Amino acid sequence: MARKLEAALSGQLTLDEQDPSVEEIVAKAKKRGKGTKRQTQKKEEGEIVGIKVNAVAAENAKEAGPVHVANHFWMRLGMEEVLTEAGLDKKSCELTKVMAFNRLINPASEHGMPAWTNATALEDIMGIDLSTLKDDALYRNLDKLIPAQAQIESSLRAREVSLFNLDCTIYLYDITSTYFEGRCPKNDEAKRGYSRDKRPDCKQVLVGLVVDREGFPIMHEVFEGNRADSTTIGAMLDALEERQGKKEMITVVVDRGMASQDNLDLIKSRNYHYVVASRQGERDRLLCEFEDEGGFVEVVRLPSATNPYQKKSHVEVKKNECGGEVYVLVVSEERSAKDRSIREAHERRLLCDLKKLKERITCGKLVREEEIYEAIGRIKERYPRVAKYYEIAYHKGEDKLIWAAREEERAKAEKLDGSYLLKTDRSDLDPEEAWRIYSLLSRAEAAFSDMKSPLS
């Protein structure tokens, strides 16, 4: 009460409604302190004092702005009702609020959250005592949140759709991984597998995320760390239908790593549509269908309100129907330079290794024929992207290693620089619209980037 009175008398504004008793005392104090005009004038003349500026210090400062904004959005989303409907009691709702604000403003571990909480104005905003908050309570709260995950995500999604008038016809699905430094003996899902974080020595889990075309998360699932990405599509669709209900006219968008024919058949069997990137072999095989240089449409992608950091880019798209499916060839100006650079770098390394092998054979350091062929095979394995553009041969009688470029194959590769092939079962899409739908996958990737930043 003393602190509130002191703040109010000094003119300090409050984030929440002022206590009526404080307002009453402040009003009396101000009324009593006014006095006559002569008394006030005399008092003001005697109030001029000297202050040592360097000796002035602030104590117990609290950060109020970020938590104040977060609190308003928490209320607008109706998160208290969402958590209560999911079966959480009042204390769990309060702890969840603290944890969510920390993740939003200054991500820390549960161990580091109490110190952050005491440095903010959360106590005043929430009207509860957080001075004795311990990390054990936060860890225990996680155990209550996990069983309620599906209910929370479903309710929150429904509120977001209503509040922001979201389009529910596009499901963008992508997957990432996160690893653990420890042994994880009690985590059945933590296993060693393909590591996107370049840590194959560590156990990991996979995190599958579904977002809509605006980048709003719809749901997420955690999978075993050694599971192939392509095997998660069925589980994702099952979870979506369970939480969101069966919906009509849905288009599922995934990258080429999950675009196997089995997965496409699975998507169609659920009466959904798809837009995917074809695998490299299919692209190479169908390139002849697009040999006519006409028919391309230029598309310019500009930064948008939802993605202001998107660079301006130019692509050309062309549509063709083949075997009952619609294919869209995309040629990107930016990607063309990148593909060419990568291909030429691999080619230089291939030729360098071939020259080194030739020197070993010429100097007599490598004599046995089977060892020479093994060395050639290892070089081809090392550079599969460009080795197919060269005819490599060893002449035993002359002890010579020779190679020659397959110009036709190289010319084809140059033509493919910067291109990729999209595939969809939707004949109603024009090539530009198909490309724009597929390019929305970058929003799922951006969501992963936002999530993994604090995890690191």
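S155 is buried, with a relative accessible area of 11%. Keep in mind that this is a predicted model. Where does S155 sit? It is found in helix α10, residues 149-164. Set aside its neighbours within four places in sequence, and S155 is in contact with V82 and E85.

Next, helix α12. This one covers residues 261-269. Which of its residues are buried? They are N263, L264 and I267. Look down the axis of α12: the buried residues fall within an arc of 100°, so they line one face of the helix. On the other side, D262 and S269 are exposed.

N271 lies in the loop between α12 and β5. Its phi is positive, about 65°, although N271 is not a glycine. Most residues other than glycine have a negative phi. Is N271 buried or exposed? It is exposed, with a relative accessible area of 55%.

K198 is another case. K198 has a positive phi of about 60°, and it is not a glycine either. Find it in the loop between β1, 170-179, and β2, 204-211. K198 is exposed, at a relative accessible area of 67%.

On to a helix pair. Take α14, residues 333-362, and α15, residues 369-382. Their axes come within 10 Å and cross at roughly 170°. An angle over 145 degrees counts as roughly antiparallel, and α14 and α15 are therefore roughly antiparallel to each other. Which residues make the contact? From α14, they are L350, D353, L354, L357 and I361. From α15, they are I372, A375, I376, I379 and R382. By class, that contact has 8 nonpolar, no polar and 2 charged residues.

Last stop, a hairpin. Strand β9, residues 390-395, and strand β10, residues 400-405, run antiparallel. How many bridges join them? The count is 6. To pick out one partner, Y394 is bridged to L401 in β10. Between the two strands there are 4 residues. In this hairpin, D399 takes a positive phi near 50°.

That's the tour. Questions, please.

Note on methods. Residues are numbered from 1 along each chain as its sequence is written. This is a predicted model: local features need pLDDT of at least 70, side-chain atom pairs count only at pLDDT 80 or more; totals for chains, interfaces and linings use all residues. Side-chain values use heavy atoms; hydrogens and water are left out. Buried means under 20% relative accessible area, exposed over 50%, partly exposed in between (1.4 Å probe, protein chains only). The arc is that of the directions from the helix axis to the C-beta atoms. Contact means heavy atoms within 4.5 Å. Axes are lines fitted to C-alpha atoms, for helices over the stretch in contact, and angles run from 0 to 180 degrees between N-to-C directions. Angles under 35 degrees count as roughly parallel, over 145 as roughly antiparallel, 65 to 115 as roughly perpendicular and the rest as oblique. Ala, Val, Leu, Ile, Met, Phe, Trp, Tyr, Cys and Pro count as nonpolar, Asp, Glu, Lys and Arg as charged, and the others, Gly among them, as polar. Two strands pair if DSSP finds at least two bridges between them.
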